[in-house]
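This briefing is meant for a reader who is meeting this structure for the first time. Please keep the model open while reading, and follow each topic on it in turn.

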Amino acid sequence: MAFHSVREKHAKALQFIEEVTRDADSVQQKVLAEILTQNAETEYLKRFQLDGATDRDTFKCKVPVVTYEDLRSDIQRIANGDRSPIFSSRPISDSGTSAGEKKLMPTIHEETDRRNLLRSLVMPLMNQYVPDLDKGKALYFLFIRADTKTPGGLVARPESTSYYTSDQFLNKPFDPYSVYTSPKQALLCTDSFQSMYSQMLCGLIMRQQVLRVGAIFASGLLRAIRFLQHNYQQLAHDISTGTLNPKITDPSIKQCMAEILKPDPELADFITQQCSGQNSERLITRIWPNTKYIDVIVTGSMAQYIPTLHYYSGGLPLVCIMYASSECFFGPNLKPICSPSDVSYTILPNMGYFEFLPLDDVDNTVSTDLVDLAHVEVGKCYELVVTTYAGLCRYRVGDILRVTGFHNSAPQFGFVKRKNVVLSIDMEKTDEEDLQKAIENASIILKEFNASVVDYTSFADVSSLPGHYVIYWELLVKEPSNRRPTSEALNRCCLAMEESLNVMYRQARVADKSIGALEIRVVKNGTFEELMDYAISRGASISQYKVSRCVSSAPILKLLDSKVVSVHFSPARPHWTA
Ligand code: AMP
């Protein structure tokens with residue numbers, strides 16, 4: 001693409017953001033009218049007798065706010081092959097699966113263009129802050145899943161798989177800002193080992209050209225780094241000899257690697273030297289010295305990976321560029337070079353129709369009157385409710401957002417958390433954020449051992465009474481020559497967690513004695529990787545995988561318990577006053 005046309009394209013993209021945010025409210029009215037007109041004859045909308053009305057007031061008064069559970073039976077009908085217009089007048093092209101929870105979301109073909117429009121804004125935005133991104137490549141770990149079919153014959157796959165296998169992605173015109181080190185053949189391979197191996201091999205061979213390193217979510221990138229640490233000897237062997245690991249059997253990967261892989265003993269020695277040492281600090285910047293930033297989402301439940309990412313990347317900027325979901329894409333971060341705690345996403349008013357359920361400080365709904373996009377208030381928290389072209393109406397996505405400001409008249413949001421209570425034994429409710437804070441508080445004790453928590457999950461153990469919280473921890477001890485955290489210190493970590501849990505928890509623990517001492521079970525290194533493998537073997541997408549912060553399924557608990565290396569309990573009760 002000629003230089004001036006790239007420049008023009010970027011200018012147009014930035015101009016589009018300005019235009020679409022200038023009068024967010026009128027764009028929203030237009031979007032709602034379009035959706036309601038397009039889907040007027042659907043079974044779902046007809047149930048609420050809108051009688052052709054497309055205005056906001058009628059819509060709000062007649063159509064209820066719903067959750068996935070409310071729609072499950074209708075979605076199942078679509079999955080089972082009912083082709084009548086249930087949610088959308090347009091044919092359902094396939095259904096996205098939302099990672100972890102295994103939700104099926106009907107999507108329509110035209111939604112792809114809307115999502116790609118948002119994707120096309122990313123590099124123009126980055127280019128404003130990081131120069132010369134067109135002078136090299138991106139090492140971006142992407143994985144797709146083999147398609148599955150619903151009983152009625154629709155393709156069911158993760159949203160990311162739909163995109164990375166689409167014509168728009170695979171055959172888009174050359175764009176110097178979006179050149180990946182991974183060949184398409186590696187991305188399109190559904191065998192995750194072969195895909196990861198060949199993506200890593202190419203990343204190593206092209207190490208000097210790599211300008212950004214990333215994956216959709218932080219967990220995906222850390223998985224790639226661990227893969228490198230486990231497989232560097234074989235990778236170095238391939239590079240040294242110019243021959244491909246015999247485990248790579250996919251013919252198209254073999255064919256394209258034959259062109260890329262040439263004997264380079266010097267590079268092989270370098271890789272061995274970097275990966276064989278005990279010290280992995282700055283591993284990313286050592287291997288890919290021209291990296292300008294790390295391209296991963298670290299907001300929400302991914303925040304716990306920030307210290308580990310900083311450790312591997314020597315404090316390079318962690319760029320969270322987009323907020324999106326299988327149901328709907330929302331918007332970009334217009335100031336991508338900022339600290340993870342300051343990340344704000346601007347919801348673009350053309351992506352869908354957005355409403356906001358006002359929440360108080362403890363996430364209780366303060367009013368059932370939903371607020372429109374343009375009328376949310378800075379500093380306040382809301383639960384996001386979407387109405388989409390694919391036919392979801394007033395659907396609760398399950399995300400809680402805080403308004404941080406406005407870009408023109410479009411609000412910007414910090415991602416607070418996913419709305420969920422992860423642990424509850426008595427009347428207390430501990431959610432993901434509480435748990436994350438407690439982990440951070442306890443991690444302070446680990447600092448004296450130069451150790452940190454790599455990953456964690458939890459379990460409300462009520463097999464004995466009173467029930468208690470069990471937290472599974474995988475630890476990273478940064479300099480192995482150092483002593484590991486002592487048992488006494490890990491006991492203190494249990495108490496530190498309890499001290500930072502909410503007042504209801506502490507009251508139950510101290511006054512009611514209805515909760516027993518918190519327990520930490522330290523698990524072997526690599527356990528969470530196995531947990532991810534397990535989820536993937538059960539159908540989760542690698543790219544969209546997120547560790548569940550609370551587990552209850554027997555096979556997962558069995559897996560975790562089989563990896564426990566030490567067990568620790570809180571030695572005292574936390575602080576609480578009536
Ligand atoms: P999925 O439906 O599997 O694509 O997951 C979508 C969910 O991932 C969203 O509803 C959010 O809870 C989470 N998510 C997506 N993008 C971000 C982001 N930038 N920051 C935090 N969480 C995100």
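In this predicted model, the centres of domain 1 and domain 2, taken over C-alpha atoms, are separated by 30 Å. Domain 1 covers residues 1–323, and domain 2 covers residues 421–569. Each side brings residues to the contact between them, with 24 residues from domain 1 and 24 residues from domain 2.

- Four strands form an open sheet in the order β3-β6-β7-β8, and their pairing is parallel. Its edge strands are β3 (137–141) and β8 (318–319), each of which pairs on one side only.
- Within this sheet, five bridges join β3 to strand β6 (residues 210–217) in the parallel sense, and K137 has V210 in β6 as its bridge partner.

**Where α12 meets α20**

- The axes of helix α12 (residues 218–241) and helix α20 (residues 527–537) come within 12 Å and cross at roughly 115°. Angles of 65 to 115 degrees count as roughly perpendicular, and α12 and α20 are therefore described as roughly perpendicular to each other.
- The crossing in which α12 passes α20 is left-handed. On the α12 side the contact is made by R223, R226 and H230, while α20 contributes E529, M532, D533 and I536.
- Sorted by class, the residues in this contact of α12 with α20 are four charged, two nonpolar and one polar.

- Strand β14 (residues 381–387) pairs with strand β15 (residues 395–407) in the antiparallel sense over five bridges, and V385 stands opposite R396 in β15.
- On to the next pairing, β15 and strand β16 (residues 410–418) run antiparallel and are joined by eight bridges, with R418 in β16 as the bridge partner of D399.
- The hairpin of β15 and β16 has two residues between its strands, and in this hairpin N408 takes a positive phi near 50°.

**The mixed sheet**

- A second open sheet to look at has four strands in the order β19-β20-β21-β22, with mixed pairing. Strands β19 (451–461) and β22 (564–569) stand at its edges with a single partner strand each, so one side of each is left without a neighbour in the sheet.
- From one strand to the next, the twist of this sheet averages 25°.
- Strand β21 (residues 519–523) and β22 pair in the antiparallel sense over five bridges, and V522 stands opposite S566 in β22.
- Helix α17 packs on this sheet, where α17 touches β19 and β20 (468–477), and the direction of α17 makes about 135° with that of β19.

**Where α17 meets α18**

- Helix α17 (residues 432–447) also packs with helix α18 (residues 487–500), at an angle of about 145° and with the axes 8 Å apart. Here α17 passes α18 in a right-handed crossing.
- The residues of α17 in the contact include L435, A438, I439 and A442, and those of α18 include L490, R492, C493 and M497.
- By class, this contact of α17 with α18 holds eleven nonpolar, two polar and two charged residues.

Notes:
Residues are numbered from 1 along each chain as its sequence is written. This is a predicted model: local features need pLDDT of at least 70, side-chain atom pairs count only at pLDDT 80 or more; totals for chains, interfaces and linings use all residues. Side-chain values use heavy atoms; hydrogens and water are left out. Axes are lines fitted to C-alpha atoms, for helices over the stretch in contact, and angles run from 0 to 180 degrees between N-to-C directions. Angles under 35 degrees count as roughly parallel, over 145 as roughly antiparallel, 65 to 115 as roughly perpendicular and the rest as oblique. A crossing is left-handed if the near helix is turned anticlockwise from the far one by less than a right angle, and right-handed if clockwise. Contact means heavy atoms within 4.5 Å. Ala, Val, Leu, Ile, Met, Phe, Trp, Tyr, Cys and Pro count as nonpolar, Asp, Glu, Lys and Arg as charged, and the others, Gly among them, as polar. Two strands pair if DSSP finds at least two bridges between them. Domain bounds come from an automatic or database domain assignment.
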